[in-house]
Amino acid sequence: MKPVTQKILERLNYEKLLMTPGLHPRKLRITLEEMLEAAKEEARIYTTIPALILFKPTGIYRLVKDLEKQSKVREFVKNIFQPKLRPPKFFGIEAQDCVNAAENYQRFLLHKKSKTKFKTFTFRLAEDEITKLKKLSEKIGKHNLSDTLRTLVAEKLRELEG
Amino acid sequence: MSFFKQELLSVFHQLNELMEERNQELRKMGSLLLKKQTLKIVGQMALLLNSLPFSPTSTMDLDTVSKLDFWVQQVLENLLLEQGMHLESDPHLIWMPRNTQYDKILNLSLVEVWVASPEDVIASKYRFKRKKDEQLIAKYLQAFPQQKEKIIKRARGK
């Protein structure tokens with residue numbers, strides 16, 4: 001498997017759009033071009049592209065810019081829910097498969113959103129521990145310390161539970 | 001056992017527990033109890049649940065060819081949704097070879113789960129030769145070249 005395909009599949013595992021046993025779900029930075037490249041090796045990736053563009057566009061780095069160059073993708077996504085306007089296939093894949101993936105992904109995101117409620121906790125940390133936490137947040141590309149802590153907890157639990 | 005397989009099996013265990021609880025309520029009400037449900041899994045998910053020498057990529061759909069009780073179906077759909085999965089239970093839309101072989105992978109008090117053999121799943125995919133399945137079929141035949149003729153016959157409905 002090409003490294004780019006592995007990277008995309010790991011991210012799609014993370015997004016719960018595709019599953020590939022043996023690959024770890026990882027929130028990696030991906031681009032549309034990488035997705036299209038990886039889809040040449042694993043065609044099921046094509047079915048997930050419209051879903052991600054429609055319902056989690058922030059999940060694809062530099063999307064707006066790259067989408068300008070990909071008119072085929074842009075047009076398909078624009079008309080995906082209009083059977084008369086959309087092309088019957090998307091890179092050779094049945095359009096209906098893309099529609100199903102998009103609808104299921106949207107349902108999953110709505111369900112997840114309705115369940116996630118955050119509570120506020122106060123932690124007592126030493127200055128240097130806060131500095132280390134901030135440094136770690138920057139290194140792993142998290143926007144805030146809560147996000148970093150959530151990632152660390154999830155990773156540790158996954159490690160302990162095998 | 002892969003993480004996905006564990007996740008999926010835990011869904012069936014939860015379904016069984018919820019059915020048991022539901023039956024306790026129904027018993028108190030004097031209503032008819034839920035009967036044991038048989039789930040026959042086909043499609044990509046069946047490949048994930050089988051042990052193959054390569055890792056097949058799958059969409060999040062759980063394709064079944066079983067007719068489930070309405071309440072059970074609703075509960076299963078919700079349990080799967082928690083895991084980002086989706087239940088596809090339209091037996092009339094799924095073509096599988098005649099006499100498809102199923103292996104029982106789980107037998108609980110109220111739920112039993114069977115998965116179609118990889119050979120039959122590949123035969124059903126071979127019949128339609130959709131682009132999304134091309135790599136999968138090629139990988140499978142590369143791993144099991146001796147099964148090619150049999151798969152072609154099964155795909156033709158023989």
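**Entry 1. Helix pair in chain A**

I began with the crossing of α3(A) and α5(A), which is right-handed. The model is a predicted one, and I read each entry below with that in mind. I then looked up the geometry of the pair: α3(A), residues 44-55, and α5(A), residues 71-78, pack at an angle of about 70°, with their axes 10 Å apart. Angles from 65 to 115 degrees count as roughly perpendicular, and α3(A) and α5(A) are therefore roughly perpendicular to each other.

Which residues make this contact? From α3(A) I noted A:Ile49, A:Pro50, A:Ile53 and A:Leu54; they meet A:Val73, A:Phe76 and A:Val77 of α5(A). By class, the residues of this contact comprise seven nonpolar, no polar and no charged.

**Entry 2. Overall look at chain B**

Taken along the principal axes, the box filled by the C-alpha atoms of chain B is roughly 55 × 30 × 25 Å. Chain B has 158 residues, of which 32% count as buried. I also checked contacts in chain B with a separation of 6 or more: 65% of them come from residues 24 or more positions apart.

**Entry 3. Helix α4 of chain B**

Is α4(B), residues 118-128, mostly covered or mostly uncovered? I recorded it as mostly covered, since eight of its eleven residues are buried. The buried residues of α4(B) are B:Pro118, B:Asp120, B:Val121, B:Ile122, B:Ala123, B:Ser124, B:Lys125 and B:Tyr126. I traced what they pack against within chain B: the strands β1 (37-42) and β6 (111-116), and the helices α2 (43-49), α5 and α6 (148-155). After α4(B) comes B:Lys129, for which I noted a positive phi, near 45°.

**Entry 4. Where the chains meet**

I then examined the contact between the chains, in which 16 residues of chain B touch 21 residues of chain A. On the side of chain B that touches chain A, the elements giving two or more residues are β2 (58-59) and α5 (131-143) of chain B. Of these, α5(B) gives the most, with four residues.

Strand β1 of chain A, residues 18-19, pairs with β2(B) in the antiparallel sense over two bridges. What is the bridge partner of A:Met19 in β2(B)? I identified it as B:Ser58.

Conventions. Residues numbered from 1 in each chain as written. Chains lettered and ligands numbered in written order. Predicted model: local features only at pLDDT ≥ 70, side-chain atom pairs only at ≥ 80, totals over all residues. Contact = placed C-beta atoms within 7 Å. Pairing = 2+ DSSP bridges. Axes fitted to C-alpha atoms, helices over the stretch in contact; angles between N-to-C directions. Parallel < 35°, antiparallel > 145°, perpendicular 65-115°, else oblique. Left-handed = near helix turned anticlockwise from the far one by under 90°. Nonpolar A, V, L, I, M, F, W, Y, C, P; charged D, E, K, R; others polar. Buried ≥ 20, exposed ≤ 12 C-beta atoms within 10 Å, placed from the backbone.
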